[in-house]
Amino acid sequence: MESEKYNTYPLSISAILGLIEANDIAIPEIQRPFVWKKTQVRDLMDSLYRGYPTGYLIIWKNPNIKLKDGTISSGKKVLIDGQQRVTALMTAIAGRAIINSDYKEDRIKIAFDPVAAISGDDEAELFQVQDFSHLKSRRWIPDIAEIFKPGFSSFKFITDYCNDNDQVSNDQLESVISKLKAIGNRLIGIIELADSLDIDVVTDIFIRVNSQGTTLNQGDFVMSKIAADEEHGGNTLRKIIDYFSHLSVEPNYFNYIKTHDKTFASTPYLDKLAWLANDNKTVYDPDCDDVIRVAFMHKLKRAKLADLVSLLSGRDFESREYKEEIMEQTYKDFQSGVLNVISQHNFSQFMIAIKSAGFISPKLVNSNMALDFAYTIYLLLVESGEVSVSEIKQVVQKWYVLSILTGRYSSSPESAFAKDIKQIGENGVVATLKGIEDANLSDNFWNVALVQDLTNISSINPIYIAYLAAQVYFNDVSLLSTSVSVRELISLGGDIHHIFPKQYLKEHNFDRNRYNQEANFAYLDRPVNESIGKMAPKDYFGTAFNQCSTKVIKCGSITDLDTLQHNLEINCVPQDVIDMDYESYDRFLEERRVLMVAKIKRYYYSL
C-alpha cells in the first residue's frame, strides 16, 4: 500500500511565527522580493480579524542525511508555499522589515480603527495601510504590531485611548483589543509533505501550488533550498545570485547593498560584484534562473534543476541515499560555478564574443536560453582548454548563432541542454558542434526552411534577428544612406521601417499580415524615411537612381550608381526594385527572403 505523501494539522499564527523565529521552520530570507501589494497585507489582517479562512501553508521536511560517521541527521523543515502570507504576518504583526519589489527594505505598517470595529458595521473599513493621517489621529491605532509586542500593556492602552476618545467605553475597547490580539491564536492549516518524497515530486508540488499566485519555477525552488541551508553558506550564496541578477539590471543598487546589508558587505563577495556598479552596456542581463542554470551546467555537468535540488540535499543517484559528503561537494562545486558566472573577466569576454557577432543590443535578444548555453560553452572551454583562447570566441559565436537559427533551445530547453551536456561530456565541444552542424545545416535548411521562416510578421523572429546581426557584423550601411550604418541605428534606438511603405500598401488593400512581413522591413535613417513618405518603391528608388546622374539629392544621400547598387545588395533589396509597385510586392518578398538567407549563411560561415 502506497504511503501517504503528506499529513495535515493546524498551527496558530503565533506558533508559526515562533517556530520561524526559533529557526525550526526555515523561511528563506528572500526567496524572491515581497511582491504583495500593501493592500493585500491589509486584507489578510482583516480576514484574520473576522475569522475568515486564509488557506494552507505547505512545509517540506528535507530528507534525513547520512553523516560521514554513519549517523543520521534530521532534515530541516522548509516552508515551500505560503511565504508571501507568512512574510505579510511577520511584517504586519511581528514588525519585521521586508525587501519590497524594488529591492528596498521596507516595513508594511497596518493601522486599525477600534471605533469602526465597535460600531458593528460589517461594511466598515477596520484596517488601512498606514499613512501620515493615522499618525496624527487619536482614533486610529497606527501600527497593530505594537499590540502584539510582549511588553504591551492592555490596561494602560485602554485607559489612554478612552481618555482621547470619550465616546468609547473601557469594556467596548477591551473587547475589540482582545479580538485583535486573538489574531495570534487563529489557526492555519499546515500540510507537511513526507520526507520520503522524491525531490522531483516535491519540486513539482512547489511549482504547481505556486502557479495560482506569483509564477514560480524550479529556479525559485533552488533559491529556497540554498537560502534555507545556512550551515553550507547557502544564504550568502543566494545573495550572490540575487544581487548579481539585480545589479545587472540596476547598477545603482550596489550602494544600497553596501550600506544596508552590512553582513554581506563584510564578505569578500561584495567586491566580486563591484564591477556591476559601472556596467551599463550589456545585451544580457541574467536573472537568478540564468545564473543558477549556467553555474550548474558548466560545473556539475548536468542540466535538470531538479537534479541540482537533489544534489544539494545530498542525493546519491546510485544508492538513492542522502549523504553529507555529496551535499558538501555539491555546495562547493555550485558556489565555484556561481563565482565563475559572476566573474567580471568571464562575463566581459563572453559579452565581447556575443557583441562582435553582431548582437549589440537587447533588441537582438528574444530569449536568454540560447545565451545561457552559449555562456556555458564559454565557461566549459575556458575550464577544459579544449581550444586555444583565441578560438574560444569563434566556437561560442557559432554555437549561439546556430542555436537561434535552429531554435535549439526554444522548446523543452532543459531536455536540449541535458542532451548537449551529455554529448559534450563524451565528445567535447568542438566535435559536438560539428555533429549538430552536420545534422542540421543541410541545403534544404538554407534554401527552404529558413526562407519559409521569414514569412512571419514579427520583428523578433530569431531568423530576422540573425539577419540584423549579420548586417551589424558586416558593418552594413543602412538603406539609401552613404554613412549611417545599421549598427548605429540599432545602437541609438532607431526604428524599423517598411520598404514598401505601409500606407502605400494599405491604400491598395493590403492587410496588416501582408504589409508587416519581415522581408519588408529595413532600418532607415529618419530623413530617408521621411523623404520616402508613402511613395511606391519604383518612384522613390527611381528618384534615388536619377540623382546619381543629376547629383541633386532628393531621396537618401547616395549620388553614385555603383554605391547605390552596392547599397541595395548589402540590404538584400532586389536590383529591379526600381520597376516595382504593389503588383510586384509578393515577388519582392520572395526574392528578398532568398537574399536575406544567403546573407545569413555567408555570415554564419564567416564567424
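**Entry 1: helices α17 and α19**

I started here: α17 and α19 are oblique to each other, because angles under 35 degrees count as roughly parallel, over 145 as roughly antiparallel, 65 to 115 as roughly perpendicular and the rest as oblique. I noted at once that this is a predicted model, in which local features need pLDDT of at least 70 and side-chain atom pairs count only at pLDDT 80 or more, while totals for chains, interfaces and linings use all residues. Residues are numbered from 1 along each chain as its sequence is written, and side-chain values use heavy atoms, with hydrogens and water left out.

I then looked up the geometry: α17 (residues 344–356) and α19 (residues 389–406) pack at about 60°, and their axes are 9 Å apart. The axes are lines fitted to C-alpha atoms, for helices over the stretch in contact, and the angles run from 0 to 180 degrees between N-to-C directions. Helices here are DSSP runs of H or I with at least four residues, strands are runs of E with at least two, and both are numbered from the N terminus.

The crossing of α17 over α19 is right-handed; that word applies when the near helix is turned clockwise from the far one by less than a right angle, and left-handed when anticlockwise. I listed the partners: α17 brings Phe350, Ala353, Ile354 and Ser356, and α19 brings Lys393, Val396, Gln397 and Tyr400. Contact means heavy atoms within 4.5 Å. By class I noted five nonpolar residues, two polar and one charged. In this sorting Ala, Val, Leu, Ile, Met, Phe, Trp, Tyr, Cys and Pro are nonpolar, Asp, Glu, Lys and Arg are charged, and the others, Gly among them, are polar.

**Entry 2: the chain overall**

I stepped back to see the whole chain, which has 30 helices and 13 strands. Its C-alpha trace spans about 100 × 65 × 50 Å along the principal axes. Of the 607 residues, 52% are buried, where buried means under 20% relative accessible area, exposed over 50% and partly exposed in between, with a 1.4 Å probe and protein chains only. I also checked how far contacts reach: among those between residues at least 6 apart in sequence, 70% join residues at least 24 apart.

**Entry 3: the cores**

Which residues have the most contacts inside the largest nonpolar core? I found Ile241, Phe334, Phe350, Phe359 and Leu480, in a core of 148 residues. A nonpolar core is a set of buried Ala, Val, Leu, Ile, Met, Phe, Trp, Tyr and Cys residues joined through side-chain atoms within 4.5 Å. Helix α18 (residues 368–384) gives the most to this core, ten residues. Apart from this core there is another, of 47 residues, including Met45, Leu57, Val115 and Ile177.

I followed Leu480 next. Leaving out residues up to four places away in sequence, its contacts include Phe541, Ala544 and Leu564.

**Entry 4: helices α28 and α29**

I see Phe541, Ala544, Phe545 and Cys548 of α28 meeting Leu561, Leu564 and Leu568 of α29. By class, this contact has seven nonpolar residues, no polar and no charged ones. The loop between α28 (537–550) and α29 (561–570) holds Lys551, whose phi is near 60°, a positive value in a residue other than glycine.

I found a positive phi at Asn475 too, near 55°. Asn475 sits in the loop between α23 (462–473) and α24 (486–491) and is partly exposed, at 48% relative accessibility. For context, most residues other than glycine have a negative phi.

Is Val115 buried or exposed? Val115 is buried, with a relative accessible area of 15%, and lies in helix α4 (residues 114–119). I noted its contacts as Arg139, Tyr161, Gln167 and Val168, not counting residues up to four places away in sequence.

Tyr161 is also one of the α6 residues that meet α7; Phe157 and Ile158 are others, and the α7 side includes Leu173 and Ile177. By class, the contact of α6 with α7 has six nonpolar, two polar and two charged residues. Helix α6 (residues 154–164) and helix α7 (residues 170–181) pack at about 130°, with axes 10 Å apart, so α6 is oblique to α7.
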